[in-house]
Amino acid sequence: MTVSNEKLTRMAEQITANMNYGEDTEIVADKVADHINRFWDQRMILAFKAHADGHRESFSKALQAAVLKLN
Amino acid sequence: MNSSTAEYTENWYRVGAERDLGTKGSCSEDTVELTIDGLAVCVPEGTSIMRAAALSGTDIPKLCATEDLDAFGSCRLCLVEIEGRAGFPASCTTNVEPGMVVHTQSNRVAILRRNVMELYISDHPLDCLSCPSNGDCQLQDMAGAVGLREVRYGYRGANHLDEAKDDSAPYFTFDSSKCIVCSRCVRACEEQQGTFALTVEGRGFDSRIVASQGDSFAKSDCVSCGACIKACPTATLVEKSVIELGQPVTATITTCAYCGVGCSFRAEMQGDKLIRMVPNRAGAANHGHACVKGRFAFGYASHKDRINTPMIRESISEPWREVSWEQAFEFTAKRLKAIQKKYGRRSIGGITSSRCTNEEVFVVQKFIRAAMGNNNVDTCARVCHSPTGYGLKTTLGESAGTQTFDSVMEADVIMVIGANPTDAHPVFGSRMKQRLRQGAGLIVIDPRATELVDAPHLKANFHLALRPGTNVAVINALAHVIIDEQLQDTTFIEQRCDLDAFTIWCDFIRDKKYAPESVEKTTGVAANQLRSAARLFAQAANGAIYYGLGVTEHSQGSTMVMGIANLAMLTGNLGREGVGVNPMRGQNNVQGSCDMGSFPHELPGYRHLSDDITRAAFEQDWGVKLDPEPGYRLPNMFDSAISGEFKGLYIQGEDVAQSDPDIQHVQAALTAMECVIVQDLFLSETAKFAHVFLPGSSFLEKDGTFTNAERRISPVRKVMQPASGMAEWEITCALSTAMGYPMAYSHPSEIMDEIARLTPNFSGVSYALLDELGSVQWPCNDAAPQGTPTMHIDEFVRGKGYFSPTPYVPTDERSNSRFPLLLTTGRILAQYNVGAQTRRTANMAFHSEDVLEIHPSDAEMRGIENHAWVGIKSRSGETVMRALISTKMQPGVVYTTFHHPESGANVITTDNSDWATNCPEYKVTAVQAYPVTAPSQWQESFKRSDIAQRDLLP
């Protein structure tokens, strides 16, 4: 078990909020996914993707799209 | 007799006495030719005769003159004769002129000088043999130089010989009986330091130097920077260490191990005993100035608390066992390898220290990547300036400040955001104050009224006292005004910046929600103040921005750094002297530790691990396959330790159990690990959770380099052998070898050669170059063999400057009825970071405990009295400190420092962090404050465990 799901989600939503300034959702999602892929440990990405499987609906729209673009 | 060829000495780097040319140099490019004592001399226009003579090899006698200060012309000892001119002009205040013929010595001049000296000595104690300045006294030297043989006035007249001695200051004494009232100390305090603590009281014969209004030095405004002591030509102001131990014999140039200014010092020694640290006049960062920490607070290096023998233990409840280095390495390597076998290669990692040298940091990250085989490496810069790296790389293309410190002297308007340079970067703070006293405009953006807001002979044009957590709203409002009122530098933007990005950013920033009138309520800053400040900055010929941890340590730290870079680009304030984006780095080697590849996603030189070419270069050089995936950041390591996945941590010289936020969380993480290795000077808070203690070495005990906030790489030089027998880079190499990846260097210069070989920005750096130049600013390579003082001159490192939109996203940490106040943390002048060094010096006399600063109305509302105990509670924890009622605070905001472990400032701070880098949000914590009569539960428990852990020492 790596960083908790609650914290991973909080971090991902925080990234999304800071990269979202009114552009198209897909563009924001690309940026969010690129950021996470570049800076997060693979274990955190895998854990977050696993968590997203059952909880994607609760994410913001851009993050929902970004999860699909994670490595 | 010739010496034997068998004579040998280790090559310690030593220098002779520092020469004083008497007056400041001139920057003029025009030259003047003249004749001095028959010699043809050519010097820049504006040079004094005194300096010109000194440059030609003749030191004209002087007492009130020093090249550190403006010429004053009061002692009348430096008189000369000039052909065709009547009288005897003072050579310090008379500038050279073309064709001038000067005689520095003549019978008439000699008589005058002797007479002056007779007068001085007639009112001076004749105790030279027992005087602490014997051998280092300019008055004594001048008596010899002018051939003083008698004092015709005698010694029985009115005099000052019974003046009382003031030894109230911790590090020096003031003996007025030895004073010649040359006022060098007064001028040093004014010109160099900018404190104005000293003055000349009385007139004529009654004139005497006093601190403040006749207070003792300890009670005065004096900040113990030591400038007056260096300036004093007699024994009036002397270091207590010199009084106690005598004059130093040798000197070595080295670099201070405190803040990110990186002052150059002469470590003055008797044998291998450090007598005093004297700021080096040739030091490019400090120009002969210092602060109380670098100048005096070095006693920790020889403190009795130093642990100099390796220690191990099976569990943290067991007593420590002293062992040999070999046993320590074997124990550690075996344990780490066992953890990796059981939990996987990525279950361990390490932290590099921003207090250690570049070379030491480089070998630690190499050890982790090559010997541990993963990228779980992070640095304490994570918790201070990681947003600077991200923000400046994104916008400008390089993770570093853009200027030299000297650049501030060309600035017309200075904007200081979330920084308190007079406390945290005092030597640069003094330099900034010099420029401000010359008339530069000043905008301070800070929740607190820092010293710069209203200091002697300077006052900020604007103090935007924003609510903590609203930085981005303020920077956006400033940019909005500039666009709204068309004050931007269109030519600069069109030539230097990415126009597509600028267009998107313009649309973003034009939004009415960023208008000053819209953010007024959120930020607490009046709209008209924001508009006026924006106009002042935008209309300055040279506008420079300086910022500190009040910018980075927020949930939007990275956004704010980008907002600052946007503002600088918008106003064309990059790429020349007097402008720029200047991060004030906290610790001595924050810049260097970042440069050296301490982050889990990038290799030295800020190159991402996913870059195959870069990775291949390191793999080839190191002979090992590197993990291409980023590792854990520091907070991720702690979280994963608590969840049971991360098991071992090698900590180089950092005290995470005191300095990191949400301490109880950090302590739980450390407790959960199976092998914690601490390499430090003392039993730090973190070491209490360790299984292995490897004794570190102080900056006096090793060779290496530090890189300061202006990218200046400066040499650190060994002046004594390591107390533990090993320099820190040697310890890391030995541990790596024990882990199965041999690392061996015969000297840190070889590590720097490796850094240069693998890092393009450092390819020209070598110890030989540092010996030649004194210091060098990176990039230093074929394109810039002498280094790069100013970055981004013709184009940005990334090509075109990138305007990144900076949406304001309020922090999750909000005040409410339970936690109605916002706590922000910082540091003060006399202490440094966790205080491990400064708490073990006489600096404790200046600041012996952390206090909670609170506005009078907040205190009154809660029944909190000045200096009384006050409880502070947040969502994370609770602690108790004494209250300090202060109008520097705004209502609703409280402040404290974290220099003392028992105060538990970081028990209260939360695990909120910057969105891009996870830099903790130290600067915003919602709290409640209330009167109490006893320490908190955490403090009681801290006290018990502190005693228990100390009892476990051998």
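I started at Tyr767(B), whose side chain makes a polar contact with the side chain of Glu359(B) at 2.8 Å. For me a polar contact is a pair of N or O atoms within 3.5 Å; within protein, one must be able to donate a hydrogen and the other to accept it, and residues adjacent in sequence count only if both atoms are side-chain atoms.

Ground rules before going on. This is a predicted model, so local features need pLDDT of at least 70 and side-chain atom pairs count only at pLDDT 80 or more, while totals for chains, interfaces and linings use all residues; side-chain values use heavy atoms, with hydrogens and water left out. Residues are numbered from 1 along each chain as its sequence is written, and chains are lettered from A and ligands numbered from 1 in the order in which they are written.

**Entry 1: Tyr767(B)**

I placed Tyr767(B) in helix H27 of chain B, residues 767-773. Helices (H or I, at least four residues) and strands (E, at least two) are DSSP runs, numbered from the N terminus. Is Tyr767(B) buried or exposed? Tyr767(B) is buried, at a relative accessible area of 15%. My cut-offs: buried is under 20% relative accessible area, exposed is over 50%, and partly exposed is in between (1.4 Å probe, protein chains only).

I then listed what Tyr767(B) touches, skipping residues up to four places away in sequence: Glu359(B), Asp703(B), Gly704(B), Thr705(B), His747(B), Pro748(B), Ser749(B) and Met752(B). Contact here means heavy atoms within 4.5 Å. I also checked Thr58(B), which is 709 residues from Tyr767(B) in sequence and 33 Å away in space, C-alpha to C-alpha.

**Entry 2: Gln365(B)**

Next I went to helix H9 of chain B, residues 358-372, where Gln365(B) sits. Gln365(B) counts as buried because its relative accessibility is 0%. A polar atom of its side chain lies 3.1 Å from the backbone oxygen of Phe362(B). Which residues does Gln365(B) contact, leaving aside neighbours within four places in sequence? I got Thr352(B), Val377(B), Met596(B), Gly597(B), Pro604(B) and Trp622(B). For a distance check I took Cys291(B): it is 74 residues from Gln365(B) along the chain, and their C-alpha atoms are separated by 32 Å.

**Entry 3: Asn566(B)**

I found Asn566(B) in helix H19 of chain B, which covers residues 557-570. With a relative accessible area of 1%, Asn566(B) is buried. How far is the backbone oxygen of Ser804(B) from a polar atom of the Asn566(B) side chain? I read 2.8 Å. Ser804(B) is also among the residues that Asn566(B) touches, together with Thr395(B), Trp505(B), Tyr802(B), Phe803(B) and Thr806(B), again not counting residues up to four places away in sequence.

**Entry 4: Thr173(B)**

I wanted a strand residue too, and Thr173(B) is in strand E6 of chain B, residues 172-175. Thr173(B) is buried, with a relative accessible area of 5%. Leaving aside neighbours within four places in sequence, I noted its contacts with Lys165(B), Asp166(B), Asp167(B), Thr236(B), Leu237(B), Val238(B), Lys240(B) and Ile243(B).

**Entry 5: chain B as a whole**

I zoomed out and found 30 helices and 37 strands in chain B. Its radius of gyration is 29 Å, close to the 30 Å that the globule rule gives for 954 residues, so chain B is as compact as a globular protein of that length. The radius is taken over C-alpha atoms, and the rule is 2.2 Å times the number of residues to the power 0.38. Along the principal axes, the C-alpha atoms fill a box of roughly 85 × 75 × 65 Å.

Of the 954 residues in chain B, 65% are buried. Among contacts with a separation of 6 or more, 73% join residues 24 or more positions apart.

**Entry 6: chain A**

I ended on chain A, which has four helices and zero strands in the pattern α-α-α-α along the sequence. How does the radius of gyration of chain A fit a compact globule? Chain A has 11 Å, which agrees with the value near 11 Å for a compact globule of 71 residues. The C-alpha trace spans about 35 × 25 × 15 Å along its principal axes. I counted 55% of the 71 residues as buried. Residues 24 or more positions apart supply 63% of the contacts in chain A with a separation of 6 or more.
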